[in-house]
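Thanks for coming. I have one structure to go through today, and I will keep it short. Please have a look at it first.

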Amino acid sequence: MLIRRAERFTANDVTDPALYLTRRELMAGAAALTLLPGESAAAPPAGAPLKAARTAALSLAEAPTKFESATTYNNFYEFGVNKDDPARLAHTLKPRPWAVQVDGLVHKPKTYDVEDLIRLHPLEERVYALRCVEGWSMVIPWIGFPLAALLKRVEPTGRAKFVELTTLLDPAQFPAQRPGFFGFSSLEWPYVEGLRLDEALHPLTLLAVGMYGQVLPNQNGAPIRLVVPWKYGFKSAKSIVRIRLVAEQPKVAWEKAAPQEYGFYSNVNPAVSHPRWSQATERRIGEFRRRATLPFNGYADQVASLYAGMDLKKHY
Ligand code: MTE
């Protein structure tokens, strides 16, 4: 994000949702289609079919970005700073077995095996806009469950005010975490993100375990990543190993790296420019013309009340 702006994608980067899956995947997924409403399959390894009913009320009507773009044009600095580094290198990430520790200011701390975590919650498909702070955006059909459902399980204490989410630290799996890794990165490892507790409990805040009818590809943050659609994409931490309830506002990755450029809140806001570029417009991957960026990425009706009385120019 400190590095470079994106190149232009061509107009045929948008595809019909019916064409996401290869014929082999469609056939393999046929068994999963027999699930009853509300039921969902336990997640097999990355790329395998994963079915979930779409929650239409929380989904955009727009056609999703082409699957190939969403899985080859990524920010995942643990693999390097180039957009194609994650897709090229993410085979080193081993998303199973995987533990997620949920602790801190909670009555019932617990470490979950990710397979158990997925089975505990009905999976939903939600088509969300993703707006990167760099000025590009996508439309992605995520599969997951609300972070709130997990937080309610562990019962936050009255002192819990924020949620800190931490990505895996393992230089064996993430090349850019190795000392002397060739390539510029101003981030400290592990990647840490955070939300205010009310933001974390908001029904739009999702823990995603799949996308495009498949188990989450490694480069998109397998096996489990955050999705907060009204905030810039960097708030949506990938490959999460720990979710900790805390009393103080966590120190988060990009804010630590460049506090004058990236704030804790990082709500999508066309009225607040990045110090080096405007945030008024965005390039939807697959579209030719730039389009206007909407306050809270188009989710103002649902989330603006969380920030009533706050100066969003100050709390950027
Ligand atoms: N999470 C980790 N651990 N490391 C990262 O570099 N990049 C963020 C976010 N989550 C990042 C991360 C940024 S800048 C964006 S825009 C989104 O992931 C991109 O998600 P995608 O590659 O699935 O589109």
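Where is the place of P190? P190 is in the loop between β6 and β7, the latter spanning 192–196. Keep in mind throughout that this is a predicted model.

I start there because of the backbone, since most residues other than glycine have a negative phi, and most peptide bonds are trans. The bond that joins W189 and P190 is cis, with omega about -5°. There is also a cis peptide bond from R96 to P97, and its omega is near -10°. P97 is found in the loop between α3, residues 85–89, and β2.

On phi, the residue to look at is S266. S266 is not a glycine, yet its phi is positive, about 50°. You will find S266 in the loop that runs between α7 (253–257) and β12 (281–284).

Next, the ligand. Where does the ligand sit? The ligand is in the largest cavity. Around the ligand there are 17 residues, and the closest are N74, Y77, E78, S236 and K238. By class, that shell comprises eight nonpolar, six polar and three charged residues.

K238, already named among the closest residues, has a side-chain N or O atom 2.7 Å from an oxygen atom of the ligand. In the side chain of N220, an N or O atom is 3.0 Å from a ligand oxygen atom. T167 places a polar side-chain atom 3.0 Å from a nitrogen atom of the ligand. How much of the ligand's area does the protein bury? The ligand taken alone exposes 530 Å², and the protein buries 100% of that.

Last, the charged pairs. Side chains of opposite charge can pair when their charged atoms come close. How many salt bridges does the structure hold? The count is 19. One of them is between E155 and K108, whose closest N and O atoms are 3.2 Å apart. E155 lies in the loop between α5 (147–154) and β6 (162–167), while K108 lies in the loop between β2 (99–104) and β3 (110–113), so this pair ties together parts that are 47 residues apart in sequence.

Technical notes: Residues are numbered from 1 along each chain as its sequence is written. This is a predicted model: local features need pLDDT of at least 70, side-chain atom pairs count only at pLDDT 80 or more; totals for chains, interfaces and linings use all residues. Side-chain values use heavy atoms; hydrogens and water are left out. A residue is near a molecule or strand if one of its heavy atoms lies within 4 Å of it. A polar contact is a pair of N or O atoms within 3.5 Å; within protein, one must be able to donate a hydrogen and the other to accept it, and residues adjacent in sequence count only if both atoms are side-chain atoms. Accessible areas come from the Shrake-Rupley method with a 1.4 Å probe; for residues, only the protein chains shown count as cover. On a 1 Å grid over the protein atoms alone, a cavity is a set of points where a 1.4 Å probe fits but cannot get out, and a pocket is an open set with protein on both sides within 12 Å along at least five of seven lines; lining residues have an atom within 4 Å of a point. A molecule sits in a cavity or pocket if more than half of its atoms lie within 2 Å of its grid points. Ala, Val, Leu, Ile, Met, Phe, Trp, Tyr, Cys and Pro count as nonpolar, Asp, Glu, Lys and Arg as charged, and the others, Gly among them, as polar. A salt bridge is a side-chain nitrogen of Lys or Arg within 4 Å of a carboxyl oxygen of Asp or Glu. Helices (H or I, at least four residues) and strands (E, at least two) are DSSP runs, numbered from the N terminus.
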